[in-house]
Structure formats: C-alpha cells, structure tokens
Amino acid sequence: MLEIKNVNKKFKNNIIFEDINIKLEKGDLVHLYGMNGSGKSTLFKIIGGILDPDNGEIILDKNLKIGAVIENAGFIENENILFNLRYLYSLLNHFDNEVEERLKKLCSEFNLDLYNKEKLKNYSVGMRQKVAIIQAIMEEQNIMLFDEPTRGLDQEAINQFFKIVKTHYKQKNRIIIIASHDLINSLNYTKRLVIEDKKIYEKEY
C-alpha cells in the first residue's frame with residue numbers, strides 16, 4: 001500500500017502541491033497525467049524519498065522497494081553498463097551470479113549487451129532510457145515509477161516495455177505508476193490520476 005496524505009510542496013514561492021491525497025493498493029496500474037511543469041517528477045521524487053514534503057506524509061507498507069525512471073537518469077558516465085547496474089544493485093543487495101544472469105536476460109530483451117565495454121556517456125538517449133528501465137525493475141521492486149518511460153525508445157523497445165509492465169502488473173501484484181502524455185490504452189490502467197491546479201484528482205477515462 002502507498003498513501004500520500006495531506007502533502008504540500010513548494011519551491012521558494014512556487015507552490016507545486018496543496019494538500020494532496022492519494023491511496024494506492026497492490027495491483028494498481030496508474031496513468032498519471034499533467035501538463036509540463038505540473039509536478040509529475042516532483043511527485044515521484046517525494047514518493048521515492050528524494051525530496052521531502054513541506055507538510056504531510058508518505059505512508060508505505062514495510063519492506064517495500066521502489067524503482068524509478070525519473071527525468072534524466074544518472075549514471076557513472078565513465079563506466080560500462082555492467083559496472084553501473086552491478087553498482088546500483090549492490091547498494092542495497094548482494095550481487096551474485098543469479099542476479100547477473102537476470103540482468104543479462106533483461107539487457108537481451110532490450111537488445112543491449114550486458115558485457116559491452118562502451119562507457120555510458122557514449123550511449124544514445126534511447127539506450128540510456130533502456131538502462132534506466134532495467135535498473136528500475138532489476139530488484140523486483142514493489143513500487144515502480146516511470147516518468148515518460150518511452151522517451152527515446154524505438155517501437156521494438158516500447159513494445160518490450162509494455163510487455164514487462166504487463167508481466168509485473170498482472171503476475172506480481174506491484175504498484176506501477178506511469179507518467180505520460182500518451183494514454184497507452186493497451187496497458188489497461190486501473191486508475192487515472194490528473195494533476196490540475198496544484199491538486200491531484202482521480203478521473204474516469
């Protein structure tokens with residue numbers, strides 16, 4: 001369960017959110033919509049603990065792991081994909097051969113080579129986005145936050161992303177929130193949240 005309760009956030013005199021409330025349960029697949037600058041990325045950063053709300057609280061079930069693709073993903077630019085994924089995974093988990101095989105499979109599904117020696121700074125926008133998606137799901141996270149996840153992806157990679165989302169949503173009972181200007185009807189969302197006038201509303205399709 002994820003609950004955002006009476007949360008307020010502003011930067012200097014710019015109010016982003018006023019007293020917002022959201023409650024999501026396991027199995028929710030959510031489409032989050034808002035105009036550019038409405039606060040989608042800020043909301044994800046608050047949920048992920050990157051930003052603190054000015055008031056209110058974020059309530060999470062115990063032992064939940066959060067994976068996220070937010071804005072431009074940050075990597076260790078002078079290292080390769082294996083180094084980056086192994087480093088990120090090892091921050092909270094033990095990296096072993098089984099994990100490496102899982103990462104190898106995920107990379108293969110996105111037409112990436114886990115053992116490519118190329119530095120991340122030389123990756124294209126689409127390749128970086130693929131790596132960002134992989135790091136957001138590689139720990140089998142319970143809550144997954146995707147901010148414009150198909151940005152820079154070719155159609156094959158977009159289809160693979162949809163397949164992965166459907167697998168995690170239908171089979172593994174996660175909370176998945178996708179912030180996107182496109183509805184992506186094929187994903188069969190359970191909820192639609194819209195950011196308007198510093199509030200968040202649940203709306204019908």
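Let's start with two helices: the axes of α2 (residues 81-90) and α3 (residues 97-109) come within 11 Å of each other and cross at roughly 130 degrees. The axes here are lines fitted to C-alpha atoms, for helices over the stretch in contact, and angles run from 0 to 180 degrees between N-to-C directions. Helices (H or I, at least four residues) and strands (E, at least two) are DSSP runs, numbered from the N terminus. This is a predicted model, where local features need pLDDT of at least 70 and side-chain atom pairs count only at pLDDT 80 or more, while totals for chains, interfaces and linings use all residues. Residues are numbered from 1 along each chain as its sequence is written, and side-chain values use heavy atoms, with hydrogens and water left out.

**Helix pairs**

With that angle, α2 and α3 are oblique to each other. The crossing of α2 past α3 is right-handed, that is, the near helix is turned clockwise from the far one by less than a right angle, with anticlockwise being left-handed. On the α2 side the contact (heavy atoms within 4.5 Å) uses I81, L85 and Y89, and on the α3 side V99, R102, L103 and C107. Sorted by class, that contact of α2 with α3 has six nonpolar, no polar and one charged residues. The classes go like this: Ala, Val, Leu, Ile, Met, Phe, Trp, Tyr, Cys and Pro are nonpolar, Asp, Glu, Lys and Arg are charged, and the others, Gly among them, are polar.

Helix α2 also pairs with α4 (residues 125-137): their axes come within 10 Å and cross at roughly 25 degrees. That makes α2 roughly parallel to α4. This crossing is right-handed. I81, L85 and L88 of α2 meet V131, I134 and Q135 of α4. By class, the contact of α2 with α4 has five nonpolar, one polar and no charged residues.

Strands β1 and β2 form a hairpin with two residues between them, and K12 in the turn has a positive phi of about 55 degrees.

**The six-stranded sheet**

The other open sheet described here has six strands in the order β5-β6-β7-β3-β8-β9, with mixed pairing. At its edges stand β5 (66-69) and β9 (199-202), each with a single partner strand, so one side of each is left without a neighbour in the sheet. The twist averages 20 degrees from one strand to the next. Helix α1 shows up again: it lies across β3 (29-33), β5, β6, β7, β8 (191-196) and β9, running at about 155 degrees to β6. Helix α4 packs on the sheet too, touching β5 and β6, with its direction at about 170 degrees to that of β5. The hairpin of β8 and β9 has two residues between the strands, and D197 takes a positive phi near 50 degrees.

Here are strand pairs from both sheets:

| Strands | Sense | Bridges | Facing residues |
|---|---|---|---|
| β1 and β4 | antiparallel | five | I4 and I58 |
| β1 and β2 | antiparallel | seven | K9 and F17 |
| β6 and β7 | parallel | five | L145 and I177 |
| β3 and β8 | parallel | four | L32 and L193 |
| β8 and β9 | antiparallel | four | V194 and Y201 |

**The whole chain**

Stepping back, the protein has five helices and nine strands. Along the sequence they follow the pattern β-β-β-α-β-β-α-α-α-β-α-β-β-β. The radius of gyration is 17 Å, close to the 17 Å that the globule rule gives for 205 residues, so the protein is as compact as a globular protein of that length. That radius is taken over C-alpha atoms, and the globule rule is 2.2 Å times the number of residues to the power 0.38. Along its principal axes the C-alpha trace spans about 45 × 35 × 30 Å.

Conventions. Angles under 35 degrees count as roughly parallel, over 145 as roughly antiparallel, 65 to 115 as roughly perpendicular and the rest as oblique. Two strands pair if DSSP finds at least two bridges between them.
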